[in-house]
Amino acid sequence: MMDQKAHDYALFGTDCDRALVCTVCDVQVKLSQDHSFTNYISNGDATCTADGTKTATCDNGCGTTDTIADVGTALGHSFTQYVTSGNN
């Protein structure tokens, strides 16, 4: 009769990509979950004519980031110094 050992699991991976792995037989039980991004912060990179971007870090603590367009943040032109052409 073969001696059977009970599973003994150890946790591996990060918060969003992790698994329990049996240290006896290498069976894996996935515990993965989807990333969750809710707190986006502007990167301050908008220009006069183009929207900037904003970035969030995964709410689950895995450190993954997501960067998306920050729609409506284009600065537009701001003319503060005027030069005449002498054709007045």
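## Burial and overall composition

A residue is termed buried when its relative accessible area is under 20% and exposed when that area is over 50%, with partly exposed in between. In this predicted model, buried residues make up 11% of the 88 residues in the protein chain. The accessible surface of the chain comes to about 7000 Å², and carbon and sulfur atoms contribute 50% of that area.

The protein chain contains six strands and zero helices, so that, read from the N terminus, its elements follow the pattern β-β-β-β-β-β. Among contacts with a separation of 6 or more, 25% involve residues 24 or more positions apart.

## The open sheet

Strands S4, S5 and S6 form an open sheet in the order S4-S5-S6, with antiparallel pairing. Its edge strands are S4 (41-42) and S6 (65-70), each of which pairs on one side only. Strand S5 spans residues 52-57 and pairs with S4 in the antiparallel sense over two bridges. In general, strands of a sheet pair through backbone hydrogen bonds.

## Surroundings of Thr-55

Thr-55 lies in strand S5 and is the bridge partner of Ile-41. The side chain of Thr-55 also makes a polar contact of 2.9 Å with the side chain of Asn-43.

When neighbours within four places in sequence are left aside, Thr-55 is in contact with Asn-39, Tyr-40, Ile-41 and Asn-43, and also with Thr-65, Asp-66 and Thr-67.

## Cysteines

A search of the whole structure finds zero disulfides. A disulfide is a covalent bond between the sulfur atoms of two cysteines.

Leu-75 is located in the segment after S6. Its relative accessible area is 61%, which means that Leu-75 counts as exposed, the cut-off being over 50%.

Not counting residues up to four places away, Leu-75 touches Ala-46, Thr-47 and Cys-48. The C-alpha atoms of Leu-75 and Asp-51 are 7.7 Å apart in space, while the two residues are 24 residues apart in sequence.

Key:
Residues are numbered from 1 along each chain as its sequence is written. This is a predicted model: local features need pLDDT of at least 70, side-chain atom pairs count only at pLDDT 80 or more; totals for chains, interfaces and linings use all residues. Side-chain values use heavy atoms; hydrogens and water are left out. Two strands pair if DSSP finds at least two bridges between them. Helices (H or I, at least four residues) and strands (E, at least two) are DSSP runs, numbered from the N terminus. A polar contact is a pair of N or O atoms within 3.5 Å; within protein, one must be able to donate a hydrogen and the other to accept it, and residues adjacent in sequence count only if both atoms are side-chain atoms. Contact means heavy atoms within 4.5 Å. A disulfide is a pair of cysteine sulfur atoms within 2.5 Å. Buried means under 20% relative accessible area, exposed over 50%, partly exposed in between (1.4 Å probe, protein chains only). Accessible areas come from the Shrake-Rupley method with a 1.4 Å probe; for residues, only the protein chains shown count as cover.
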